[in-house]
Structure formats: structure tokens, C-alpha cells
There are 2 protein chains.
Amino acid sequence: MNTKILVVDDETSIRKFLKVSLEANQFEVVEAQNGHEALQKLIESKPSLVILDHGLPDMNGIEVLKKLREWSTVPVIFLTVRDSDEEKVEALDNGADDYLTKPFSLPELMARIRVAIRHSKTEETQPVLAFGKLSLNQATHKSTYADVELKLTSTEYDLIKLLLRSGEKLVPHRMILKEIWGPHSVEHNHYLRVYFGQIRKKLDSAVPGAGEIIENESGVGYRLKPIA
Amino acid sequence: MNTKILVVDDETSIRKFLKVSLEANQFEVVEAQNGHEALQKLIESKPSLVILDHGLPDMNGIEVLKKLREWSTVPVIFLTVRDSDEEKVEALDNGADDYLTKPFSLPELMARIRVAIRHSKTEETQPVLAFGKLSLNQATHKSTYADVELKLTSTEYDLIKLLLRSGEKLVPHRMILKEIWGPHSVEHNHYLRVYFGQIRKKLDSAVPGAGEIIENESGVGYRLKPIA
DNA sequence: TGCCATTTTGACGAAATCTTGACCCCTGCA
DNA sequence: TGCAGGGGTCAAGATTTCGTCAAAATGGCA
């Protein structure tokens, strides 16, 4: 699976140019023409990186950036036509990871994309996440409990990944919902009950009693139980 | 303790300029004039970030970068006089985290430094509130007395958190009620009796007598008993 | 098109938690 | 001695949150 990049720009010519260039470098490209579409596509296609233009028809790039930073940690490279200090500082301080002024050089953009992706890899994408007997291999996309494979759906997989990343730290309901279903679903606590129920059942059928590693703190959130 | 930055440049004027500017922004500055000194200082003073000039007398910046990347993951911002694509790509692909061309704008440099430091701050310090033998881990949402776990409900947890934040200072009834139950419930003093009763009971069953750490000042409020 | 895996929704009992009221104690005071 | 106010304790509802099951909707994909 190639690395997916979301390109947000209202000018078709620039989008096409970036699409062709990025695809020539083995990236998969998702396009958005405005802020709302960008946030929508971000939830749908979970890209590994976002290239965000400053000037958009419905809301400006900074607003999009602030919105997505409420729940996403995806790397963002900001693009702009103007070379203004204030804009740069504003973007970088609001969560942009890099900033390029148009016209930019393609090799430089590619190099900066590699840097951004390198960063997010080292921070989050360790090939194997594990906690106690529960482990998850992000390369093969497989998960095991005590070396017994669990057949998880992709949503179940994402939930386990989220808990594993937090170790024995408690993850609040709303944070889970935001991460997995997007900021619109912050209220749907019922999802959590259903999905953690399914996951517990699969854990139990792998190793009876294993479902207990998923703990609930009533009214607050879920966490993994530290190894006894 | 301030964040430490290693500035590597052979030109004294630029080093001084950066030193003054960085110190004005609450950073601590360590200087090096050449590649060998840079690697030396990196080991000695363990900075949180390196600003590395491309042209150095003994070895060029790329070589320094490659060397330090053999064992260090410290963020590196590359500086150069020439605006060359090849140089940029080479630096970024060899482990530089950002790249700026002289003359650069100071606000932009500061913003990019903040980004780099933000990136490297992956692990947060575990926020533990404690007073005497009572402690509360806000990451795991667990509480202990003398290392015995107390199974608190979320409201009980919030109450203990409130008392812990005030240390041995007295917290008035109305303040507690407003914080936990909202401004509508400022009159319901009965809640406090019931809840602190429950908490005392849980403390006692963890360590007999421990319930006494919650003291009441008649007609005024509650507080934690200073350590004997 | 129809099938299948998955996601979303609804329903319901169980568990945990919160709220309320009854009753006790103690203290200070008339 | 009686009584009022504040505090502590207990336990019975009331309410919220959980866990579970299963039906309906959705979305690829042959």
C-alpha cells in the first residue's frame, strides 16, 4: 500500500501538477478543493500527510488547520503564494509541520515530504505495538493475543491500536470517538460498547478470560489492564 | 531549566546574532565553530536542538549531520547561504529536519524551532498529584493510598483531585460544589457528607485509619490533614 | 444484481453510580 | 433539659452507563 497524501488547493492546475508529480514518486493522491471537502476527505481516507494551500474559497487554510488539529496529528505542509512572516509563524504555530512559498521547487517539496513522513513514522508507526500478551504488527496488519491470531475488522484493529499506543493510560470516550469515527461522532458512546464487546469476545475465544484486559472506567473511558 | 540549543557556525557575527536572539526567546545557547567542536559539544551538553551551518572550516555541514545521525536523533535545522536544490535535498534526506536559506527572517526561524521541538516532545511527563501517602495518576486515572489502589468512581476521583490541588489548604463547601456539581448545586451540602463518607470508607479499607486524612472544618469546608 | 462482511442502530437487562431521605451523633446554647 | 445546626452513616430508589444480542443498513465485490 502506497503512502496516501491529501492535496488541498482550489486551483485545478496546481492540484493536477501535484497529483502527477506525487504519483511519479509512488504516492497515492486524494484531492480536495475547499476546506470542508478537505476535512471530509481527511476522515474518509486517513492520509499520511496533508498538503494545504493557504487560500481556499470557503475558509482559509489556517482555519482548516486549526479544525483538523482538534483531533488529528497528521503532518501538514502549508503552501502559499505570499512570502509573509506573519503567515508563516501563524501557520507553524498552529500545528503546520512545514511551510513552502509558491513557486516552490519540486525536489525540495519531495524532500520535505520525506522529512514529514519520516517524523510521523518514528513517532507513531513502530512496526510492532505490544502490551502484555496483546500485540499488533502494523506491517502485516495482524494482531495476536498470546500468539493466537485475532481476526479483527479494520475498525476493531484501529481501536486496539489506539489502546496499545496509550499503554495502561486511560483513553477518554470522546478521544476514542474522535480518533476513529471523526469529530462528528463524539457523542456516539454506543459504538464503544458494541465494538469493545466484539473485541472482548474475540479475545476470549482466543484465550478464555483474555477479554478482561480491556478495562472500563465508568463515565470516563477505556484502558488496557496492566499485566498482573 | 530552559531548552538548550547548539549553534554551529564559523562566522562569529552570526553566532552572536543567533545567541542574542535565542536567549531573548528563553533558550539556552551552546556554541561551536567547527564540525569537531560541534560533535564534541553535542555529547557534552545534550542540546534539545542543533542549528547547523552548511559551510564549516574542517568538514561540511552534511558530513557533521551524517556523523551525528549515526547515534543521535536530536532535531537539526540546517542553515545555508546558497539556495540550491541539491543541497536542500541532500541535507533533508540525510536527517536534517528543516532547512533555511540566509538571510532568513528571525520570526520564521523561531517558529521553525518551535515546530522542531514540538516534534521531539513525544513523551509527556506523567502527571501525578500527591499529598502524603495519597496519590493520583491523571494519566491512568488511578488513585492509591500508601500504594494500595483505591477504587474510586469518577466523582470521588474529581473530589480527591480538588483537595489534592489545594494541598493542606481548606476548600470551602461552595467551591467544591460549584467545581464538581456546577453552580446550580451550591446549596447541596449533603452531597459532600455522603461522598466524603464514601471516600473515607474506601481509604479505611485500604489502610485502617487512613480516612482521617480528610478533615472537616465545621461550617466552612474540607481539607487534607497535613502529614504528621 | 445479489452476496457477504462490516457497520450502524435499537432494545433490554445488568451493573455502577448518583440522589435522596431517614436517623444518628455531637456541640453549643437557651 | 430541650432544641437547633452541622456533620456522619446507611440504604433504598432513581438514573446513568455498560454489556449483549440481534436486526437493519451499508458498502464493496463477484
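Reader: What separates the centres of domain 1 of chain A and domain 2 of chain A, taken over C-alpha atoms?

Author: The two centres are 31 Å apart. Before we go on: this is a predicted model, where local features need pLDDT of at least 70 and side-chain atom pairs count only at pLDDT 80 or more, while totals for chains, interfaces and linings use all residues. Residues are numbered from 1 along each chain as its sequence is written, chains are lettered from A and ligands numbered from 1 in the order in which they are written, and side-chain values use heavy atoms, with hydrogens and water left out.

Reader: Why is each of these called a domain of chain A?

Author: The bounds come from an automatic or database domain assignment. For chain A that assignment gives domain 1 as 3-119 and domain 2 as 128-224.

Reader: How do you know that residues of domain 1 of chain A are in contact with residues of domain 2 of chain A, and how many are there?

Author: Contact means heavy atoms within 4.5 Å. By that rule, 4 residues of domain 1 of chain A are in contact with 8 residues of domain 2 of chain A. The buried area, i.e. the accessible area (1.4 Å probe) that two parts lose on being put together, summed over both, is about 480 Å² for these domains, and carbon and sulfur atoms give 52% of that. On the domain 1 side of chain A, A:Ile43, A:Lys46 and A:Trp71 lose the most area to domain 2, together 84% of what that side buries.

Reader: And how many salt bridges are counted between domain 1 of chain A and domain 2 of chain A?

Author: That count is 0. For chain B and chain A, the count is 6 salt bridges.

Reader: What makes the meeting of the A:Lys88 and B:Glu108 side chains a salt bridge?

Author: The rule asks for a side-chain nitrogen of Lys or Arg within 4 Å of a carboxyl oxygen of Asp or Glu. A:Lys88 and B:Glu108 come in at 2.8 Å, N to O, so the pair qualifies.

Reader: How much area do chain B and chain A bury between them?

Author: About 2500 Å², with 46% of it on carbon and sulfur atoms. Chain B brings 27 residues to the contact and chain A brings 29. In chain B, B:Leu92, B:Arg112 and B:His119 lose the most area to chain A, together 20% of what that side buries.

Reader: Now the sheet with order 6-7-8-9 in chain A: what makes it a sheet, and which way does the pairing run?

Author: Strands (E, at least two residues) and helices (H or I, at least four) are DSSP runs, numbered from the N terminus, and two strands pair if DSSP finds at least two bridges between them. In chain A, 4 strands make an open sheet with antiparallel pairing. Strand 6 (128-131) and strand 9 (148-150) of chain A each have a single partner strand, so these two stand at the edges, one side of each being left without a neighbour in the sheet.

Reader: How do you know that strand 8 and strand 9 of chain A pair?

Author: Strand 8 (residues 142-145) and strand 9 of chain A have 3 bridges, and the rule asks for at least two, so they count as a pair, in the antiparallel sense. Within it, A:Ser143 stands opposite A:Leu150.

Reader: Which strands of chain A does helix 8 touch?

Author: Helix 8 (residues 189-206) packs on the sheet against strand 7, strand 8 and strand 9 of chain A, and its direction makes about 160 degrees with that of strand 9. Such angles run from 0 to 180 degrees between N-to-C directions, with axes as lines fitted to C-alpha atoms, for helices over the stretch in contact.

Reader: What about the loop between strand 8 and strand 9 of chain A: which residue is found there?

Author: A:Ala146 is one residue in that loop. Its phi is near 50 degrees, a positive value in a residue other than glycine.

Reader: What is the peptide bond from A:Lys102 to A:Pro103, cis or trans?

Author: That bond is cis, with omega near -5 degrees. A:Pro103 lies in the loop between strand 5 (98-101) and helix 5 (106-124) of chain A. In chain B, a cis peptide bond joins B:Lys102 and B:Pro103, with omega about -5 degrees.
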